[in-house]
Amino acid sequence: MNMFYKQIILQRGLPFEVKIPDRTSTDISMLGTDELHTELEKGYADMKAGRTKDARTVFSDIRKDYGL
């Protein structure tokens, strides 16, 4: 806590950005057919552009983020 307060004083505010994320996760159960196709197309475009991670990395990140 002491280090946190020192950073507030040094930064003249919170030492991190406080904002609502730009994007929330998509709940597939709430999508209509056209919306589902749009989301699938985004994923396909990411795959074609090489914006991918292997499954081992993804599951490792999930375990780390959620303390599993």
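Helices (H or I, at least four residues) and strands (E, at least two) are DSSP runs, numbered from the N terminus. By that rule, the chain has three helices and zero strands. Read along the sequence, the pattern is α-α-α.

The structure is predicted, so local features need pLDDT of at least 70 and side-chain atom pairs count only at pLDDT 80 or more, while totals for chains, interfaces and linings use all residues. Residues are numbered from 1 along each chain as its sequence is written, and side-chain values use heavy atoms, with hydrogens and water left out.

## Overall shape

The C-alpha atoms of the chain fill a box of roughly 50 × 25 × 25 Å, taken along the principal axes. The radius of gyration is taken over C-alpha atoms, and the globule rule is 2.2 Å times the number of residues to the power 0.38. A compact globule of 68 residues would come out near 11 Å, but the chain has 19 Å.

Accessible areas come from the Shrake-Rupley method with a 1.4 Å probe, and for residues only the protein chains shown count as cover. The accessible surface of the chain is about 6,900 Å², and 57% of that belongs to carbon and sulfur atoms. A residue is called buried under 20% relative accessible area, exposed over 50%, and partly exposed in between (1.4 Å probe, protein chains only). What share of the 68 residues counts as buried? The figure is 0%.

## Rings and a nonpolar patch

Now to the aromatic side chains. Rings of Phe, Tyr and Trp (its six-membered ring) pair if their centres lie within 6.5 Å; planes under 30 degrees apart count as stacked, over 60 as edge-to-face and the rest as tilted. The structure holds two aromatic pairs. In one of them, the rings of phenylalanine 4 and tyrosine 5 have centres 5.9 Å apart and planes at 50 degrees, so this pair is tilted. The pair of phenylalanine 4 and phenylalanine 16 is stacked, with 6.3 Å from centre to centre and 20 degrees between the planes.

Tyrosine 5 counts as partly exposed at 46%, and phenylalanine 16 is partly exposed with 46%.

Patches are made of residues with over 30% relative accessible area and no salt bridge: like charges are joined within 9 Å, and nonpolar side chains (Val, Leu, Ile, Met, Phe, Trp, Tyr) within 5 Å. Met1, Phe4, Tyr5, Leu14, Phe16 and Val18 form a nonpolar patch of this kind on the surface, with about 660 Å² of accessible area together. One of these members, leucine 14, is found in the loop between helix H1 (2-11) and helix H2 (33-48), and leucine 14 is partly exposed at 46% relative accessibility.

## Charged pairs

Side chains of opposite charge can pair when their charged atoms come close. Here, a salt bridge is a side-chain nitrogen of Lys or Arg within 4 Å of a carboxyl oxygen of Asp or Glu. A search of the whole structure finds four salt bridges, and the table includes some of them.

| Lysine 19 | Glutamate 17 | 3.5 Å |

Lysine 19 and glutamate 17 are both exposed. Lysine 42 and glutamate 39 both lie in helix H2, three residues apart, which is about one turn of the helix. Lysine 42 is partly exposed at 42%, and glutamate 39 is partly exposed at 25%. Aspartate 46 is partly exposed at 30%, whereas arginine 51 is exposed at 55%.

The expected span of a helix is 1.5 Å times one less than its number of residues. For the 16 residues of H2 this gives 22 Å, and the end C-alpha atoms are 22 Å apart, which agrees. H2 is followed by glycine 50, whose phi is positive, near 85 degrees.

Back in helix H1 is leucine 10, which counts as exposed at 65% relative accessibility. The C-alpha atoms of leucine 10 and isoleucine 20 are separated by 24 Å, although the two residues are 10 apart along the chain.
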